[in-house]
Amino acid sequence: PGIEFDSRVCAGSARIAGTRIPVWSLESWRRLGADDAEILRNYPSLQPSDMINAWHYVARHPQQIDREIRENEAAD
């Protein structure tokens, strides 16, 4: 719940419902040491429930998230 996919938005990556915020981006912040409170400060449109949904998605799809983080880091 709370996660959407659309090939026309965020290149089809899993994203927080109703936003253009991909789950891989939130997980990338977390891997850099940010906690939920810091992430929520940087994304004021998100709710704590969005973070819960994102972390559940990451736990269920770790290989996909790892791949998307690698691909987006390489694109920088």
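I started with D6, which is buried at a relative accessible area of 17%. Buried means under 20% relative accessible area, exposed over 50%, and partly exposed in between (1.4 Å probe, protein chains only). The model is predicted: local features need pLDDT of at least 70, side-chain atom pairs count only at pLDDT 80 or more, and totals for chains, interfaces and linings use all residues. Residues are numbered from 1 along each chain as its sequence is written, and side-chain values use heavy atoms, with hydrogens and water left out.

I found the D6 side chain in a salt bridge with R8, at 2.8 Å, N to O. I counted a side-chain nitrogen of Lys or Arg within 4 Å of a carboxyl oxygen of Asp or Glu as a salt bridge. R8 is exposed, with a relative accessible area of 72%. I noted 6 salt bridges in the structure.

Next I looked at helix α1 (residues 23–31), where E27 and R30 sit 3 residues apart, about one turn of the helix. Helices are DSSP runs (H or I, at least four residues), numbered from the N terminus. The E27 and R30 side chains form a salt bridge at 2.8 Å, N to O. E27 is buried at 7% relative accessibility. R30 is partly exposed at 32%.

Then I checked R31 and D66, whose closest N and O atoms are 2.5 Å apart in a salt bridge. R31 lies in helix α1 and D66 in helix α4, so the pair ties together parts 35 residues apart in sequence. I read 45% for R31 and 27% for D66. Salt bridges that share partners join E27, R30, R31 and D66 into one network.

Terms used
Helix = DSSP H or I, 4+ residues; strand = E, 2+ residues; numbered from the N terminus.
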